[in-house]
Structure formats: structure tokens, C-alpha cells
Amino acid sequence: MWDPQYESDVERLFHRLASSRMSDMLYDERKNIVEDRSYRPHWMGEKDWRDLLSYWATNDIYRRRSTANKRNRESSRQARHTQGSVTGATHARHMVKIYELCTCFYTYIYIYIYIYIYIYLINQVM
């Protein structure tokens, strides 16, 4: 299907996508537990499901992270997606300004070269 040289890239991409999808699926299943404590997904074995429930109930790191994420999701504050200390919107505005400056600069250079060549050619004819 793909060249052997791409095997590690394909495997890494597969694991990243599968991990993300599995996290989404388990998040959905945890929401079902709230509604029905005896709930178990049809695609997961009973022992594996019990092990997951035990892990979610006893792992301190998971519980702290889960609590923090729940608080963030319920927060009325708007999330600020930033790349460092500057928001993405500010980066976009700066890029527009830079693009306009570059466009003006290149236009200036183009006109300068055009005039220089024009003067050179006039001097050659005379």
C-alpha cells in the first residue's frame, strides 16, 4: 500500500489518530455512566470495563486532570488560544501588516528597477 520507507510515519500517524479517537469514545462512554451506573459499552469486555472504572475512580493524576478539565469546560470565560503571549488573532493582524509592507516594498523595488532600466536605455540611445 505504501513504500516501506514510510512505515514508521504511517504507524506514528495511526497511533496518534487511534489514540485521539479512543479518548473521544471513552469520554462519551463516561458520560453514559452518569445516566446509568450499570452501563457497559457493547464493544468492550466486562473485565476491561471494570478495570477502567477502577482506574478512573482511584488514579489521583487522572482525577485531578479530569476535575480541572471539567471546570474549564464549564467555565463561562472565553478560551484564549495563544501562541506564547500573543493571541492567534493578533498574530493574524500582524501578518496582514507585514504582507502589506512587503507588497509595498516589492512594488517600490519593481518601480525603482523599471525606472533604472528606463534611464539606462535612454542613456544608451543618446
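Start by selecting residues 60-74: this is helix α3, whose 15 residues reach 21 Å from first C-alpha to last, close to the 21 Å expected at 1.5 Å a residue. The expected span is 1.5 Å times one less than the number of residues. Helices here are DSSP runs of H or I with at least four residues, strands are runs of E with at least two, and both are numbered from the N terminus.

A word on the model before moving on. It is a predicted model, in which local features need pLDDT of at least 70 and side-chain atom pairs count only at pLDDT 80 or more, while totals for chains, interfaces and linings use all residues. Residues are numbered from 1 along each chain as its sequence is written, and side-chain values use heavy atoms, with hydrogens and water left out.

Now show the side chain of N59. This residue caps the N-terminal end of α3, with a side-chain oxygen 3.0 Å from the backbone nitrogen of I61.

Next, pick out Y39, W49, Y55, W56 and Y62, which ring pairs link into a cluster. Rings of Phe, Tyr and Trp (its six-membered ring) pair if their centres lie within 6.5 Å; planes under 30 degrees apart count as stacked, over 60 as edge-to-face and the rest as tilted. The structure holds four aromatic pairs. One of them joins W49 and W56 edge-to-face, at 5.7 Å centre to centre and 85 degrees between the planes. W56 and Y62 are stacked, because their ring centres are 6.3 Å apart and their planes lie at 25 degrees.

Is W56 buried or exposed? W56 is buried, with a relative accessible area of 11%. Buried means under 20% relative accessible area, exposed over 50% and partly exposed in between, using a 1.4 Å probe and protein chains only. W49 is buried too.

Then select residues 7-35, helix α1: 29 residues reaching 43 Å, close to the 42 Å expected. Its buried residues are L26, E29 and I33, and they pack against α2 (46-58).

Finally, zoom out to the whole chain. Its four helices and two strands follow the pattern α-α-α-β-β-α. Buried residues make up 9% of the 126 residues.

Technical notes. A polar contact is a pair of N or O atoms within 3.5 Å; within protein, one must be able to donate a hydrogen and the other to accept it, and residues adjacent in sequence count only if both atoms are side-chain atoms. Contact means heavy atoms within 4.5 Å.
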